[in-house]
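Subject: Handover of a structure

Dear colleague,

Please find the structure below, together with its sequence.

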Amino acid sequence: MAKQKKILVADDAKDIREILQIVLEDAGFEVILAKNGEEAVEKFDQGVDLVILDIMMPKCNGIDTCFKIRSIAEVPVLFLTAKSAESDLIEGFEAGGDDYLTKPFSVTELLLRIKALLKRPRMGKYTLEKVPEDGRILIQDIVLDTNLQQVIRGEEQISLTEIEYRILKLLATDRNHIYTAKEIYENVWEEEYMQNSTNTVMVHIRNIRKKLGDTGPNAKYLHNIWGRGYRIV
């Protein structure tokens, strides 16, 4: 018999916590509830398979909670938010979040996203030592090391989230192909493309460019082909 997956849910709204507990337990998950970020960090352990965080919480908000959890584990994090501004999404993804749902959300979409996050292989934590000769993809002066799952420029290791790394690797592996937002989402997130998926992809692309120092009008690495998609040349 397969081990029951454990999900930690943190939301300051009691009705949301109770609804999520019912839905997730009916779907076969073990559920741990927390009413704020501090309690979520206290209740988190290495047996947790996925974390659901409300962004707006007292004591310790969802962004800070995600930072703290991600400092000790590579568990998938799904944000629940009533906020849809791009700046909030960028902050959430930079904290290490994998995906988000805007309230109100459907139970079907919630379970689909949880299923996709749980089946996705996780990146391990690595230390930068010697870059091997094989398994490297060169993007001009950047080395994408597929063995260490790292992105390196000179002596600098560029810190990308798992999602950002997967997007960059996808684009760098087939440079003759212009990837639409739909193709990127379905390849990287490994789930069905939905209404807000384009915005999710755009935010991650913007984060990658920012971390690569590629934010000027003339892109050096990652190019937006207007009306078609993205590619690396």
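Does S71 count as buried or exposed? With a relative accessibility of 54%, S71 counts as exposed, where buried means under 20% relative accessible area, exposed over 50% and partly exposed in between (1.4 Å probe, protein chains only). S71 lies in the loop between α3 (62-70) and β4 (77-81). Its C-alpha atom is separated by 9.5 Å from that of G96, and the two residues are 25 residues apart along the chain.

Please note that this is a predicted model, in which local features need pLDDT of at least 70 and side-chain atom pairs count only at pLDDT 80 or more, while totals for chains, interfaces and linings use all residues. Residues are numbered from 1 along each chain as its sequence is written, and side-chain values use heavy atoms, with hydrogens and water left out.

The chain as a whole

The secondary structure comes to 8 helices and 11 strands; helices (H or I, at least four residues) and strands (E, at least two) are DSSP runs, numbered from the N terminus. Of the 233 residues of the chain, 48% count as buried. Among contacts (heavy atoms within 4.5 Å) with a separation of 6 or more, 58% are between residues 24 or more positions apart.

The nonpolar cores

A nonpolar core is a set of buried Ala, Val, Leu, Ile, Met, Phe, Trp, Tyr and Cys residues joined through side-chain atoms within 4.5 Å. The largest has 28 residues, of which V151, I167, L168, L171 and I184 touch the most other members. At least two residues of this core come from each of β6 (136-139), β7 (142-145), α6 (162-173), α7 (181-188), α8 (197-212) and β11 (229-232). The most are given by α6, with 7 residues. A second, separate core of 23 residues includes F44, L53, I55 and F93.

The packing of α6 and α7

The axes of α6 and α7 are 10 Å apart, and the two helices pack at an angle of about 120 degrees (axes are lines fitted to C-alpha atoms, for helices over the stretch in contact, and angles run from 0 to 180 degrees between N-to-C directions). That makes α6 oblique to α7, since angles under 35 degrees count as roughly parallel, over 145 as roughly antiparallel, 65 to 115 as roughly perpendicular and the rest as oblique. The contact is made by I163, R166, I167, L170 and L171 of α6 and by I184, N187 and V188 of α7.

Yours sincerely
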